[in-house]
Amino acid sequence: MYRARLFAIRHAAAFEWIYQRLERLMIACDPVFARIGYERVERPIALVERGVKGVLFDCKMCGQCVLSSTGMSCPMNCPKELRNGPCGGVRPGGYCEVKPWMRCVWALAWDGSSRMKGGDKIREVLPPVDRSLKGSSSWLRVSREKAARLREAREAARTTIAQAFPGARANEPAVAPLATEPASAVNREQRQ
Amino acid sequence: MSGFEDHGDFVRPYEEPPPGHVSSSRLERVLRSGRFAVTAELNPPDSADPADVFEAARPLGEVADAINATDASGANCHMSSIGISALLTRAGYGTVYQISCRDRNRIAIQGDVLGAAAMGVRNVLCLTGDGVGVGDQPGAKPVFDFDSLSLLRTIRTMRDDGVFLSGRKISRPPRMFLGAAENPCIEPHEWRPERLAKKVDAGAEFIQTNYIFDIPLFEKFMARVRDLGLDKRVFILAGVGPLASAKAARWMRSNVPGIHIPDSVIARMEGAQKPGEEGKKLCIELIQRMREIPGVAGVHVMAYRREHQVSEIILESGVLEGRRARRRGSEPTGAGPEA
């Protein structure tokens, strides 16, 4: 819905806040999703995502959501699906070359970004869309990806400690473990 | 007449660029040596006769360091950019191969880049492209698999890392000088310089702008470009072109996407006795004023259907300072591409 889209851009800062919370929640849910199986949660979550984002942002379910980098203006609504800024055909007043009744998605994106704390993300060059991911849940993708990165960072730290204290590790294997810890063995408050 | 006899059918072997350069392009050499560069747009023929290409290039060759072969500009079908670039390169002209993201996907584009480089093309301009709706075949499927920035980054990756986007190795990478377009006089004005910065990050080494008729607006744009330090990182060629008449100017303004012509320019054309001459005079004045703007490295002349005026405009503007890009008929047979 075009008017909801304009609303989202006017309130880009609020949506940025909500999105950050949502992202944290999704990362926290990673162990749950992993236990149920990502393939099993994919369809219901994608359905919810499609509904919510469809109303708010005219989401096209590209599966590679970049709203936080585009001022909450979905670039898939650009008739040229540009991911990195406006084309050279923007009409006077900031209207679209192809759909003259619509504000340029990228004019809106810069506007939204200037209201956001992390608005600078718009300066980063984004890769082309992977068309094979169309229709899948971007939220779950974020959750898997960020959780994996956190795990990796934790593993790297553990490896460093194990290498820094080789003697202690030989005498007392529990002080610098390298084996994967099951979720239930990790202190609940520290799990994130 | 055709250009074949003069230059032979010459293919140059693969070559590594000279030190400090990314390609063996004449345009890159001119720009890096600090000379004021000139590029010109060729009106592509609706024909399969190579003689038509040489005919169209002749009025530009004397003054242009490189000739741009447009890629179905305005979504109108003409001879392909790769075909024109290949012909002209082998005839000794510098060429700018234009790629629009509108018509081809990533598989086609990466293959064409290798093909163009093998045929001696040394400059490439990465464009998004106009929507299909404004062209002569509005029922066509718009592709837009890449945008101009992901295209720039892709060709840079092919050139500098020697791999396709899939990671597969390229044994001899395409040594090309990477260009992009910018449209300083079009909204959103305040973000255009930021967008330029993104293009430079993506890999652009030279910029050719769309038509500029509004010098104050362009000066404002360039001031911000200098604030961002972009004039040190990219060569900017300002876009100019002679207007034929006030009527033509008005038509362009309302029918060609992304063209801004101030009312004062149209009024001046309206009041002129000989509109054709006035358009030329205006163009020369614009070039001379652009040259004074710090950070402008050259001009890009787009003289659609007024190609015959290009040499006069450039020579009368004095920007070449007596040098010639390529004297007609003065090169020995088989001079080779982009000597």
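Biologist: How many salt bridges are there between chain A and chain B?

Modeller: The model is a predicted one. Side chains of opposite charge can pair when their charged atoms come close. One such pairing joins A:R123 to B:E194, with N and O 2.1 Å apart. Between chain A and chain B, the count of salt bridges is 2.

Biologist: What area do chain A and chain B bury between them?

Modeller: The size of an interface is often given as the accessible area lost when the parts come together. Here, 30 residues of chain A are in contact with 26 residues of chain B, and 15 residue pairs between the chains, both at pLDDT 80 or more, are in polar contact. Carbon and sulfur atoms account for 55% of the buried area, and the area itself is about 2,200 Å².

Biologist: Is B:T128 buried or exposed?

Modeller: B:T128 lies in the loop between β4 (123-127) and α6 (148-161) of chain B. Not counting residues up to four places away in sequence, B:T128 touches residues of chain B, including B:S100, B:C101 and B:F144, and also A:K80, A:L82 and A:C87. Its relative accessible area is 8%, and residues under 20% count as buried. B:T128 is therefore buried.

Biologist: Which residue of chain A is 5.2 Å from A:M26 in space, C-alpha to C-alpha?

Modeller: A:M26 is found in helix α2 (residues 12-28) of chain A, and its relative accessible area of 8% makes it buried. Leaving aside neighbours within four places in sequence, its contacts are A:F33, A:I45, A:W139, A:L140 and A:S143. One of these is 117 residues away in sequence, yet 5.2 Å away in space: A:S143.

Biologist: Within what arc do the buried residues of helix α1 of chain A fall?

Modeller: An α-helix has 3.6 residues a turn, so residues three or four places apart point the same way. In helix α1 (residues 2-10) of chain A, the buried residues are A:A4, A:R5, A:A8 and A:I9. Seen down the axis of α1(A), these residues line one face of the helix, because they fall within an arc of 140°.

Biologist: Which helices do the buried residues of α10(B) pack against?

Modeller: In helix α10 (residues 263-270) of chain B, the buried residues are B:V265, B:I266 and B:M269. They cover an arc of only 95° around the axis, which puts them on the same side of α10(B). On the other side, B:D263 and B:S264 are exposed. The buried residues pack against α9 (246-255) and α11 (275-291) of chain B.

Biologist: Which residues touch the most other members of the largest nonpolar core?

Modeller: In soluble globular proteins, nonpolar side chains tend to be buried together. The largest nonpolar core has 89 residues, one of them B:I261. Leaving aside neighbours within four places in sequence, B:I261 is in contact with B:F213, B:L243, B:A249, B:M252, B:R253 and B:I266. The core residues that touch the most other members are B:L88, B:F218, B:L243, B:I261, B:M290 and B:I314.

Biologist: How many residues are in the second, separate core?

Modeller: Among the members of this core are A:Y38, A:L67, A:C74 and A:W139. A:W139 is also one of the contacts of A:M26. The number of residues in the second core is 19.

Biologist: How many residues apart in sequence are the parts that B:K280 and B:E316 tie together?

Modeller: The side chains of B:K280 and B:E316 meet in a salt bridge of 3.4 Å, N to O. B:K280 is buried at 7% relative accessible area, whereas B:E316 is partly exposed at 48%. Since B:K280 lies in helix α11 and B:E316 in helix α12 (residues 310-317) of chain B, the pair ties together parts whose separation in sequence is 36 residues.

Biologist: Which residues are linked with A:E81 in a network of salt bridges?

Modeller: Over all chains, the structure holds 34 salt bridges. Some of them form a network that links A:E81 with A:R131, B:R106 and B:D145.

Notes. Residues are numbered from 1 along each chain as its sequence is written. Chains are lettered from A and ligands numbered from 1 in the order in which they are written. This is a predicted model: local features need pLDDT of at least 70, side-chain atom pairs count only at pLDDT 80 or more; totals for chains, interfaces and linings use all residues. Side-chain values use heavy atoms; hydrogens and water are left out. A nonpolar core is a set of buried Ala, Val, Leu, Ile, Met, Phe, Trp, Tyr and Cys residues joined through side-chain atoms within 4.5 Å. Buried means under 20% relative accessible area, exposed over 50%, partly exposed in between (1.4 Å probe, protein chains only). Contact means heavy atoms within 4.5 Å. Helices (H or I, at least four residues) and strands (E, at least two) are DSSP runs, numbered from the N terminus. The arc is that of the directions from the helix axis to the C-beta atoms. Buried area is the accessible area (1.4 Å probe) that two parts lose on being put together, summed over both. A salt bridge is a side-chain nitrogen of Lys or Arg within 4 Å of a carboxyl oxygen of Asp or Glu. A polar contact is a pair of N or O atoms within 3.5 Å; within protein, one must be able to donate a hydrogen and the other to accept it, and residues adjacent in sequence count only if both atoms are side-chain atoms.
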